Amino acid sequence: MRKPQDNELHFQSLVIDAHVDTTQRLVADGFELGIRHDDGSVDIPRLRQGGVAAVFFAIWTPGTITGPAAVERAQAQFDAIHRQIAAHPKDLVLARSSADVLRARRAGQIALLIAIEGGHLINNDLAILRRYHSLGARYMTLTHTLNVDWADASTDRPLHHGLTDFGTRVIGELNRLGMLADVSHVSDKTFYDVLSASQAPVGPPIPPAALAVMPLATSATKCSARWRQKVASYTLTFT
Ligand SMILES: [Zn+2]
């Protein structure tokens, strides 16, 4: 049973939600973050009530939407996030670094961070990845449920058998930019290829303590020792 001190611990901690899928609603439904809603689970009143200090908004399209259409949709979602931040300057601030998250905390604001969910959103173009980074993205989930042109997903038929050469370059660019490569959804082979290619910790962006108790989509348990060495310590490993 929950004790009163549990709540206290929660509200004293810097609580980070590493992935919410509300972004598309900002575009499709004109969802307004400033108002408490009866549906969904994320808006400013409820983030505040829940004591959430920082939250990653995921930018996503289904893996069937590729090419320029995927880039266009991603940009519309960046725009919607930025407009919500501009509309609620007392409550929200775009965080591009761990220092920004701490600054937001001190200022009584919620740090909003951005994630890309699905490598298809970069349309095989590192310049687009760099553009997303400049718009605030700080991690990229390499695949969603379908393979992308440079990496296999865990829920699709093996096609590339891991990362392609271009996929290895994507990891290098993520490392260089200070973005986390998130291995949620990728195939086991892709997962191991990412571990070999990455010079930086990889995600999902949750702490090891949580990883210890939370089985992940990939076969993390099979490679725990090596994996833990490389898995991110915290969300805030990006620079
Ligand atoms: Zn998502």
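I began with V170, which I found in helix α7, the run of residues 165-177. I note at the outset that the model I am reading is predicted, so every value below is computed from it.

**Entry 1, V170.** I then looked up what V170 touches once residues up to four places away in sequence are set aside, and I wrote down G119, L129 and W150. For one of these, G119, I also took the C-alpha to C-alpha distance to V170, which is 9.1 Å, while the two residues are 51 apart in sequence.

I checked the length of α7 against expectation: its 13 residues should span 18 Å at 1.5 Å a residue, and the C-alpha atoms at its ends lie 19 Å apart, which agrees. I next listed the buried residues of α7, and these are G167, V170, I171 and L174. Viewed down the helix axis they fall within an arc of 100°, so they line one face of α7. I reminded myself of the general rule that an α-helix has 3.6 residues a turn, so residues three or four places apart point the same way. For what covers the buried residues of α7, I recorded that the cover includes α6, β5 (137-141), β6 (180-182) and α8 (188-197). Just after α7 I came to G178, which takes a positive phi of about 85°.

Which residues of α5 are buried? In this helix, residues 98-107, I found D100, V101 and A104. They cover an arc of only 100° around the axis, which puts them on the same side of α5. On the other side of α5, I noted A99 and R106 as exposed. The cover over the buried residues of α5 includes β2 (52-60), β3 (92-94) and β4 (110-117). After α5 comes G108, and I read its phi as positive, near 75°.

**Entry 4, strand β2 and its partners.** Since β2 had come up in the cover of α5, I looked at the strand itself and found it mostly covered, with 7 of its 9 residues buried. I then followed its pairing to β1 (residues 15-20), where the two strands run parallel and are joined by 4 bridges; here I16 stands opposite A54 of β2. The pairing of β2 with β4 is also parallel, and I recorded 7 bridges for it, with V55 standing opposite L112 in β4.

Where does N123 lie? I placed it in the loop between β4 and α6 (126-134), and its phi is positive, about 50°, although N123 is not a glycine. N123 has 19 C-beta neighbours inside 10 Å, so it counts as partly exposed. N124 is in the loop between β4 and α6 as well, and here too I read a positive phi, about 55°, in a residue that is not a glycine. With 15 other C-beta atoms within 10 Å, N124 is partly exposed.

Terms used:
Residues are numbered from 1 along each chain as its sequence is written. This is a predicted model: local features need pLDDT of at least 70, side-chain atom pairs count only at pLDDT 80 or more; totals for chains, interfaces and linings use all residues. A residue is buried if 20 or more other C-beta atoms lie within 10 Å of its own, exposed if 12 or fewer, and partly exposed in between; C-beta atoms are placed from the backbone. The arc is that of the directions from the helix axis to the C-beta atoms. Two residues are in contact if their C-beta atoms, placed from the backbone, lie within 7 Å. Two strands pair if DSSP finds at least two bridges between them. The expected span of a helix is 1.5 Å times one less than its number of residues.
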